[in-house]
Amino acid sequence: MTITKAQNGTALTLAVEGRLDTVTAPELEKEIAENSAEANELVVDFTKLDYISSAGLRVLLSAHKNFAKKGGMTITNVNETVMDIFDVTGFKDILNIK
């Protein structure tokens, strides 16, 4: 998995590429934690995300709860495969997906 970070004022964008699973989820969790102090809004770009597991969903839920107290979290550019996972797990109703 590759994570590309872009900061625009207090908005943090993380573009995630590859697979977000048990092996790689801690990397995204660490990236979010290290940057959450100076960011009020989080955008997670899934343009190049191929797969997400329950470990990845856990990281997203934790980030969602953290950023709900600030400016919010948005997930963008979700492909059909990942959207199906969000739909089946109910995350489609929890997360702000655009």
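Q: Which are the buried residues of helix 2?
A: In helix 2, the buried residues are Ala55, Gly56, Leu57, Val59, Leu60, Ala63 and Phe67; buried means under 20% relative accessible area, exposed over 50%, and partly exposed in between (1.4 Å probe, protein chains only). Helices (H or I, at least four residues) and strands (E, at least two) are DSSP runs, numbered from the N terminus. This is a predicted model: local features need pLDDT of at least 70, side-chain atom pairs count only at pLDDT 80 or more, and totals for chains, interfaces and linings use all residues. Residues are numbered from 1 along each chain as its sequence is written, and side-chain values use heavy atoms, with hydrogens and water left out.

Q: What covers the buried residues of helix 2?
A: The cover includes strand 2, helix 1, strand 3, strand 4, helix 3 and helix 4 (91–94).

Q: What span does helix 2 reach from its first C-alpha to its last?
A: Helix 2 has 15 residues and reaches 21 Å, close to the 21 Å expected at 1.5 Å a residue; the expected span is 1.5 Å times one less than the number of residues.

Q: How many residues has the largest nonpolar core?
A: The largest nonpolar core has 27 residues, and Leu42, Phe46, Ile52, Met73, Ile75 and Phe86 have the most contacts inside it. Helix 2 supplies the largest share of this core, 6 residues.

Note on methods. A nonpolar core is a set of buried Ala, Val, Leu, Ile, Met, Phe, Trp, Tyr and Cys residues joined through side-chain atoms within 4.5 Å. Contact means heavy atoms within 4.5 Å.
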